[in-house]
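Trainee: I would like a close look at a single part of this structure. Please walk me through it step by step.

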Amino acid sequence: MGCFAEESQLMEHFLHPRNVGKIENPDAIGHVGNVVCGDIMDLYLKIKDNKIIDAKFQTYGCAAAIASTSILTELVINMDLDKALELSNKKIVEVLGDVPKHKYHCTILAEQALKSAIENYKNKKNK
Amino acid sequence: MKRIYLDYAATTPVDPQVFKAMEPYLKNIFGNPSSLHEFGQEARRAVQVARQQVANLINADQEEIIFTSGGTEANNTALKGIFFAKEKLDGHLIVSCIEHHAVLEPAKFLKNRNIQVDYLPVDSNGIVNLNKLKDLLRPETVLVSVMHANNEMGAIQPIEEIVEIIKEYRKKNNSLYPYFHTDAVQTASHLPIDVKKIDIDLLSMSAHKLYGPKGIGALYIKQGIKIAPFIEGGEQEDKRRASTENTPGIIGFGKAAEMAREEMVQENKRLIELRDWLIQSILNKIPKTKLNGHPAQRLSNNVNVSIAGVEGEALLIALDHEGIACSTGSACSSESLVPSHVLLKMGLPVEIAHSSLRFTLGRWTKKKDLEYLVKKLELIVKRLRNVSALKAEEIEI
C-alpha cells in the first residue's frame, strides 16, 4: 500500500494520468517549478471564445505532482477562463483525497501553472 | 502480489536463527544482568558471550565494546563523548561531508559549542580527498570521523590510508590526538574490519543492518581512550553507558554478528555478482542512466542509479505499487525539498540527484527478484518519461 492509499484519486491519477502531452499551436502555456525543488510542470491550453476547450500537461516530479496536474486538466476542460482563474489548489487537494501536508506544495504549483498559462494568454491577446 | 525487498541498507529482517537465540531472553531468562542472584547472573553471562561475538566481528577485545541503542547513539557518543571528556570543551573536528546525519548533527551540536568543524570534500566518485585531510589537520584537531562506506551510494572510503595520515601527524606533533572514528554501520557485515590491524580508535555498529533486532548497536572504543558518558545513571558498560542492558537485543546482536562473520566471504561474492548484474542490466536496458558512486570501490550490495528525466520518488511509488521496495535520494520523500546532500557533494547536477534510486541487496535476494525488478523498471521508466516535462534525450548524464 505505501504512503498513498491505493484507492485514492492520487494513485489513480499517478498510475493513469489523463491528458498527457503537448498541444500543437497552444493558445497558452504555463511553465512552473524548477529542478532544485524537483517539480516542473508544463501546462498547454487551447482556448476558444474565452473557454478552455482542451488542456494537456507534462510533469517532472513526484506522484503527487503528476496526479495534481492530471486532475487540474480534467477540472479546467470546458471551463470559462474567468472561472478557471478562481480555481484554487484547495480544489485539487479535495479531489486528490489523502494528501500529506508536505505534498500540498504540489497542488499549489499546479494552481500556479494554470494562472501562469492564463496570464500568458491574456498578455498575448493584449499585444 | 509478489513482494520484493531491496532496501537492506535501510533495515534488514531479523534472521530466524537470531530470533531463536533471542527468544529465551524474552521469556524465562529475564533477570537484570546487574543483579547478584542467579536470575541476573545467567543473563549477565549471556551478555558477555554476545559481547565477545560482536568484538570478534571487528577483532576487538570484548572490554572495548559498549552496547548502545543503535548506530545513531554510538555516533553521538563517539563525537560528543570524546570532546566532553576533555578538560576544556574546545578543539577541532574533521568529518567528511558525506557522513550520515547521525554524525553530521552531533558535529553541528559541537560547532554550536565553539568547536571548530571542517568538512572533508569528496570527488565525483564519492571518495574523500586525502590531500585535503592533510591540509586540515592542526595541533587542535581532536577527532577525525569518516564513515567506512557511504550508505547512499556505497563508496568505500580509504580508512587505512586515513589512519596512516593521522598516525604520521601524531608522531610529528608528539601528540595522542587526533583520534579516528569510523561509522561502520553499513560495513560491519560487508567488509572484514580488523581494528587492531588498521588501528582504529572508535567505531560504530548497528544490529538491525545485519539481520539483528532494531534498538541495539555498539561503540568500539580502543583500550585507553576516555569518553564522557552520554547516558548517565547506573554503572553498566563499565560506567560508560548507563541503563539496564537490553539483554534480548544484545543476544540477538551477538548471534547476528557471529553469523555475519561466518558468511561474509561467500555472501559478499554472491552479492557482488548480483549487484554487478543489476547495474549492467539497468545501464544497458534503460537509456540515459548512470551509476552513482565508485564502480569498484563499492559496497557489495549497493546499486545507486540516476534515471534521466524521471523523479526518484515517482519511481519509488510506482515500484512500490508493483511490490518492489527501494529508496531514493530525491527530496520529495522527506520534509525538505533539497535532494540528498551526499549526491550533491559528489557534484551531481540537482536534476540527476532528484532522479536517483537506491537498491540494496541482502541475504534473501535472488537473481529472479532482480530480473523482475528490471522488467518492471523498464516499463515504469517508459511511462514516466512520456509524462515528464524534462526530456531524457536532452539531458546530459
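How many salt bridges are counted between chain B and chain A?

Mentor: Keep in mind that this is a predicted model. The count between chain B and chain A is one salt bridge. The partners are B:Glu313 and A:Lys103. Their closest N and O atoms are 3.1 Å apart. That pair meets the definition, because the cut-off for a salt bridge is 4 Å.

Now take the side of chain B that touches chain A. Three helices of chain B each supply at least two residues to that side: helix 10 (312-321), helix 12 (350-354) and helix 13 (367-387). Helix 10 gives the most, with six residues. What kinds of residue make up that side of chain B? They divide into 12 nonpolar, seven polar and seven charged.

Next, the contact as a whole. On chain B, 26 residues are in contact with 28 residues of chain A. The two chains bury about 2200 Å² between them. Of that area, 65% is on carbon and sulfur atoms. Polar contacts are counted too: there are 11 residue pairs between chain B and chain A, with both residues at pLDDT 80 or more.

Stay with chain B, and turn to B:Thr365. This residue lies in the loop between strand 12 (356-360) and helix 13 of chain B. Is B:Thr365 buried or exposed? Its relative accessible area is 2%, so B:Thr365 is buried. A polar atom of its side chain lies 2.8 Å from the backbone nitrogen of B:Gly362. Leaving out residues up to four places away in sequence, B:Thr365 touches B:Tyr5, B:Leu6, B:Tyr8, B:Arg270, B:Leu274 and B:Leu370.

B:Tyr5 and B:Tyr8 belong to a cluster with B:Tyr211 and B:Trp364, linked by ring pairs.

Over all chains, the structure holds seven aromatic pairs. One of them is formed by B:Phe30 and B:Phe39. Two values describe such a pair: the distance of the centres and the angle of the planes. For B:Phe30 and B:Phe39, the centres are 5.7 Å apart and the planes are at 35°. The pair counts as tilted. How open are these two residues? B:Phe30 has 57% relative accessibility, so B:Phe30 counts as exposed. B:Phe39 has 45%, so B:Phe39 counts as partly exposed.

Note on methods:
Residues are numbered from 1 along each chain as its sequence is written. Chains are lettered from A and ligands numbered from 1 in the order in which they are written. This is a predicted model: local features need pLDDT of at least 70, side-chain atom pairs count only at pLDDT 80 or more; totals for chains, interfaces and linings use all residues. Side-chain values use heavy atoms; hydrogens and water are left out. Contact means heavy atoms within 4.5 Å. Buried area is the accessible area (1.4 Å probe) that two parts lose on being put together, summed over both. A salt bridge is a side-chain nitrogen of Lys or Arg within 4 Å of a carboxyl oxygen of Asp or Glu. A polar contact is a pair of N or O atoms within 3.5 Å; within protein, one must be able to donate a hydrogen and the other to accept it, and residues adjacent in sequence count only if both atoms are side-chain atoms. Helices (H or I, at least four residues) and strands (E, at least two) are DSSP runs, numbered from the N terminus. Ala, Val, Leu, Ile, Met, Phe, Trp, Tyr, Cys and Pro count as nonpolar, Asp, Glu, Lys and Arg as charged, and the others, Gly among them, as polar. Rings of Phe, Tyr and Trp (its six-membered ring) pair if their centres lie within 6.5 Å; planes under 30 degrees apart count as stacked, over 60 as edge-to-face and the rest as tilted. Buried means under 20% relative accessible area, exposed over 50%, partly exposed in between (1.4 Å probe, protein chains only).
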